[in-house]
Amino acid sequence: MVGEELFRASIGKLRRLLDQREISAPELAEYFLDRMQRHNGTLNCYITVTEEQAMEMARRAQRKIDQGDVRIWTGIPLSVKDNISTKGIKTTCGSRMLESYVPVYDATIISKLRRYGAVLLGKTNMDPFGMGNTCRTSHFGPVQNPVSSGRIPGGSSGGAAACVAAGLCAGALASDTGGSIRQPAAFCGVTGLKPTYGTVPRYGLIAFASSLDQIGPIAASAEDCGYLLDAITDYDPNDSTMRQPNCYGYTGKVGASLKGIKIGVPAVLLEKAEPAVQAAVLDAVEFYKDAGCECVPVSLPGRSYALSAYYIISSAEAASNLSRFDGIRFGSRGEGETCTEQMKSSRGNGFEPEVKRRILLGNYVLSAGYREEYYQKATAARNRIKAELENALQACDFLLSPTLPFTAPRVGVLEGDLIRRYEADAYTVLANLSGLPAVTTPCGYDGDGLPIGLSLTGRAFDEASILGAAAAFEAQFTRREAAAL
Amino acid sequence: MPEMKDLQRLLELSVLSVSQEEEAALLLDLQRAVRVVSRIRDFPAEMEAAGAFVQTADDLRADRAYPSLSPEEALGNAADTACDCFCVPKML
């Protein structure tokens, strides 16, 4: 039975409805496709809607359900960020360079989801190649924040966060290199998880910065993020950075007691936040204390180098990774008398301005004479930051902080100011530099009704603990509906 | 701070052609970006070990050939092809 409120249902509830035959997988897919048809024109969170494939996948899922061959995500309608390769479905990275690129293979996570009957509704909008934090720079147009139309949704996974917040899918798969899952999730008032580096196979993820990139979920709750992480974690011989083969049970600590847990609160991250953000995060600290946790201040002196280290390392890796786009084997092709001229023209016309800036910055910090001054110092700073966070997490079970020091900025504020735009990543890059898992969940609203994100950073491969702690907070927190729909 | 000649060298290294107006804008942006990352120059790197962050799995794939793409699949996204090959302008 299809109800009007299905878009608010958790993945667990949708599972029950499917298993009890109150709704069929094709009916559920149709329901979300219908919502997409009504709202995607305004929000622009999907670049490609895969209606026919989604219905075919839903019919296959229903056959699995009828045969009793069911995983939690069988028949569940999901969206996929447009930098994750999907065989036979356009994968554009939000860029003109790949506007007509159709992969000939599936990313490992897509193969697994297909095998077990997830329903892929479409590919979500993003800043080109994951480089950006506004989701206003896509070749396919800007994404609107469903919470407030005058605010940016954040990026680079702005399409994924917006479609979850607007109920245009039951969950989303995205990627996070410097905060690309957590920042838009916080701005759109939903839950997002960057797993530990090496947890999710990245084969088929179009690379931005290989030592930082990680695939993760965005969903309506921490429990749903856990279900999605279960769905995409698997050992993959095609990704040599996989560290934890066959680890399942990420929802195992949802509902568990928090008594005796020790939480570290980095004072510097609180002090620099806007007053409304500080107040909401301090309320969350009180919640955890009431639940029996001990909260202690922690110091992270290396943090002041994090932003520089991130931009140096990510840009250097991007300059290398994006050298494959030459307009010959794939990608948009420019004009030129010689092969080199043609490649220059292909890349000059195909890449968006931010992509060019990062490639140039990457080659600058790797140039002779600057490598020692920038790149080597950045890798050393990264090692210090990682060590400081790991030391803090030896004494504490997890770290608690604001996801960002502010709520979603007005459209136009960050887009025209490169320095502010880069500085906006200062909080989220810590988890990427250290490889540690971090989850964001809404913990309050500012005076304009904009959601405030609470970040919990855990020990390596201990996603279950931070998801459990986030779920405990969510259980007593009332979320507001996305108002701009 | 990078100057115009540095930018032009970087554009060569990056295999990018841009218009003159874009070149001027990119120079300003590159200078701003370098300002953001210059904080790292104060980092006392001699106290720390630099090195690769990524550790690869101990159990790497066997080094042998696997079935790969057909020529049709491999050429499917190319702008210009002929006789199962990618087409490029004359090199010589």
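First, the ground rules. The model is predicted, so to speak of local features we need pLDDT of at least 70, side-chain atom pairs count only at pLDDT 80 or more, and totals for chains, interfaces and linings use all residues. Residues are numbered from 1 along each chain as written, chains are lettered from A and ligands numbered from 1 in written order, and side-chain values use heavy atoms, without hydrogens or water.

Now the overall picture. Chain A has 16 helices and 11 strands; these are DSSP runs, helices being H or I with at least four residues and strands E with at least two, numbered from the N terminus. The C-alpha trace spans about 65 × 55 × 45 Å along its principal axes. Of the 485 residues, 67% count as buried, meaning under 20% relative accessible area with a 1.4 Å probe, protein chains only.

On to the sheet. It is open, has 11 strands and mixed pairing. The order is S1-S3-S2-S4-S6-S5-S10-S11-S9-S7-S8. Two strands pair if DSSP finds at least two bridges between them. Why do S1 and S8 each have one side without a neighbour in the sheet? Strand S1 (46–49) and strand S8 (294–298) stand at the edges, each with a single partner strand, so one side is left without a neighbour.

One pair in detail. S7 (residues 262–266) and S9 (residues 398–402) of chain A run parallel, over 2 bridges. Ile263(A) has Phe398(A) as its bridge partner in S9(A).

Finally, helix H16 (residues 463–475) of chain A packs on the sheet. H16 touches S5, S9, S10 and S11, where contact means heavy atoms within 4.5 Å.

Conventions:
Axes fitted to C-alpha atoms, helices over the stretch in contact; angles between N-to-C directions. Buried < 20%, exposed > 50% of the residue type's maximum accessible area, 1.4 Å probe, protein only.
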